[in-house]
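Me: I have just opened this model and would like to learn how to read it. Could you take me through some features, one at a time?

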Amino acid sequence: MEEKIIKFEDMQLSKKVLNAVRDMGFEEPSPIQAQTIPLALEGHDVIGQAQTGTGKTAAFGIPTIEQIDEKNKYIQALVLTPTRELAIQIAEEFNKIGKYKRVKTLPVYGGQMIDRQIRALRFGVKVVVGTPGRLIDHIRRNTIKLDHVKMLILDEADEMLDMGFIEDIEEIMSNVAQGENRQTLLFSATMPAPIEKLARSYMHNPQKVMISREQLTVPSVDQLYFETRDKFEGLCRVLDIEDSGKYIIFCRTKKNVDDLQASLQVRGYMAGSLHGDMSQAQRDRVMRRFREGKLEILIATDVAARGIDIDDISHVI
Ligand code: ADP
């Protein structure tokens, strides 16, 4: 067994990256970070089996940013991810990690004007995080060139498979220069056969890292339920127990979301909603207001809320 690494300082990281990680408030690596970062820095391909919430993003973000050559103006790392929300979040986290190193990461995803992305790509982006469909689009238009990509990261590979992206992923992977210099990191909560196959055909002697459910970074969460005759009244009472907080309320349907938002607003709660019928601009706006604390309650359908990552949520209902 290798010596157990418990600190970011013990890893082979530059001052710039270490300081950025410290600024993010990360004091100790989470288990997946402690295992993945040293392997990735040594140049290994890594398969990480981990759920969301384990600190996966930094587990691949830190070694990726560390290995970017600031003087090379080309795209050097590419992250594939299933949804635009995840693409945006990952890019935000990468930009934080790359703050002092001045490494720019751009998210590209379907639903945003491609011209805007093309313009942004011209500004010396070194890392691109994208959804497979939109990435293919850019590759075919030659607005994203992969010749200098030496790191390829697949995040939530099983989700991408479920969403029917497997052929797109294969196309993208075969466009990235093969060979000794390419490093591939693959993360997935489960390992269905097509993902195993992908790993076998495109990865070199991958090292496996497994993190169980119990090792999430999330500390303790209290779980309660209430029996009530009138759900809405019960909800308001729960909301009134605390005078401040950030709440996410899940509803089953879009109509439930709209109805609840209207009812809460009438009672004076600052509630916004998120569901699949909204445009990307509307969703971004709601998310921004919720992050900034201008909304105290976000009501969402399960699907619309997938992959959102917001600090300091106090209650999930
Ligand atoms: P995943 O990608 O596994 O879903 P994230 O990378 O989004 O998980 O991490 C979940 C949350 O934990 C994020 O808010 C992230 O900023 C935070 N986090 C990640 N690593 C650490 C760490 N080492 N220390 C403190 N917080 C962390």
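Reply: Gladly! Let's start with burial: a residue is buried under 20% relative accessible area, exposed over 50%, and partly exposed in between, using a 1.4 Å probe and the protein chains only. Bear in mind that this is a predicted model, where local features need pLDDT of at least 70, side-chain atom pairs count only at pLDDT 80 or more, and totals for chains, interfaces and linings use all residues. Residues are numbered from 1 along each chain as its sequence is written, and side-chain values use heavy atoms, with hydrogens and water left out.

Me: Is Glu-156 buried or exposed?

Reply: Glu-156 counts as buried, because its relative accessibility is 12%. Its phi is near 50°, a positive value in a residue other than glycine. Arg-102 also has a positive phi, near 60°, but Arg-102 is exposed, with a relative accessible area of 71%.

Me: Where is Glu-156 placed?

Reply: Helices (H or I, at least four residues) and strands (E, at least two) are DSSP runs numbered from the N terminus. Glu-156 sits in the loop between β5 and α7. Asp-155 is found in that loop too, and Asp-155 is buried, at 1% relative accessible area.

Me: Which side chain makes a polar contact with the side chain of Asp-155?

Reply: A polar contact is a pair of N or O atoms within 3.5 Å; within protein, one must be able to donate a hydrogen and the other to accept it, and residues adjacent in sequence count only if both atoms are side-chain atoms. For Asp-155, the partner is the side chain of Lys-56, at 2.9 Å.

Me: Which residues come nearest to the ligand?

Reply: A residue is near a molecule if one of its heavy atoms lies within 4 Å of it. Of the 17 residues around the ligand, Glu-28, Gln-33, Gly-53, Lys-56 and Thr-57 come nearest. A backbone N or O atom of Lys-56 is 3.0 Å from a ligand oxygen, while a side-chain N or O atom of Gln-33 is 2.8 Å from a ligand nitrogen.

Me: Which residues touch the most other members of the largest nonpolar core?

Reply: A nonpolar core is a set of buried Ala, Val, Leu, Ile, Met, Phe, Trp, Tyr and Cys residues joined through side-chain atoms within 4.5 Å. The largest one here has 34 residues, and Phe-60, Ile-62 and Leu-185 touch the most other members. A second, separate core has 33 residues, including Ala-157 and Leu-186.
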